[in-house]
Amino acid sequence: MPIDPLSELSHQLLKIDAELAYEALLPKIPGSPQAKSILDRTPPPALIATRLSDLENANLLRSALYLWHDYLPEAHEIYQEINTPTCSFWHAIMHRREGDFVNSKHWYARCAEHPVLEIIAAQANPILNPLPFDKSVLKLTVGGWNPDEFVDLVAEIEKTPDDPRRKIAVALQKLEWRILFDHTARNAVMNLE
């Protein structure tokens, strides 16, 4: 298996408007129309560079790319068809980003034992450690990554547009997306789930 399971097309989709992609905690408008146009006509196997082992995970990669470019309804349509812990995780992220915090927590509960939670916690600490003491931020990684606390933090930040924690929340949101995206890509070619 190649080190990078993603096709060149996947890499191109990630580069489109990369400086703007996934910057909003709760996107008000969709992102790149160019990315959506490509995703709309791309079959999931085209996102993988090697032999596909799991079509559901390839479809989740497609949904993740819709999320990356703030096309939440398109991503949500895919989640209606798949019932795996990884899909539940993506589903939870999508609902958090649309501001449906209760529904987000419901879907996070369905993937409470997901293996990426430990990885997110470990990689979130370097982002959080340099910050001044703030209980709302420290609760995110006590005992591992706590997605419910992250949902609460995002909800709190969205009430105050100039909240100084916004930049950290966006960094954590991107970290969560990247780790879950990598996991999903590996599962698409190795069928581990």
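Trainee: How do the axes of α2 and α3 cross?
Mentor: They come within 10 Å and cross at roughly 165 degrees, with axes fitted to C-alpha atoms over the stretch in contact and angles running from 0 to 180 degrees between N-to-C directions. Helices here are DSSP runs of H or I, at least four residues, numbered from the N terminus. This is a predicted model, where local features need pLDDT of at least 70, side-chain atom pairs count only at pLDDT 80 or more, and totals for chains, interfaces and linings use all residues. Residues are numbered from 1 along each chain, and side-chain values use heavy atoms, without hydrogens and water.

Trainee: Parallel or antiparallel, then?
Mentor: α2 and α3 are roughly antiparallel, a label for angles over 145 degrees.

Trainee: Which residues meet there?
Mentor: Lys36, Leu39 and Asp40 in α2 meet Arg62, Leu65 and Tyr66 in α3; contact means heavy atoms within 4.5 Å.

Trainee: New topic: where is Thr42?
Mentor: Thr42 sits in the loop between α2 (33-40) and α3 (55-68).

Trainee: Buried or exposed?
Mentor: Thr42 counts as buried, at 8% relative accessibility; buried is under 20% relative accessible area, using a 1.4 Å probe and protein chains only.

Trainee: What is Thr42 in contact with?
Mentor: Leaving aside neighbours within four places in sequence, Leu9, Leu47 and Arg62. Also, a polar atom of the Thr42 side chain lies 2.5 Å from the backbone oxygen of Ile38.

Trainee: And how do α6 and α9 cross?
Mentor: The axes of α6 (residues 101-109) and α9 (residues 147-159) come within 10 Å and cross at roughly 165 degrees. α6 and α9 are therefore roughly antiparallel to each other.

Note on methods:
Helix = DSSP H or I, 4+ residues; strand = E, 2+ residues; numbered from the N terminus. Parallel < 35°, antiparallel > 145°, perpendicular 65-115°, else oblique. Buried < 20%, exposed > 50% of the residue type's maximum accessible area, 1.4 Å probe, protein only. Polar contact = N/O pair within 3.5 Å; in protein donor to acceptor, adjacent residues only side chain to side chain.
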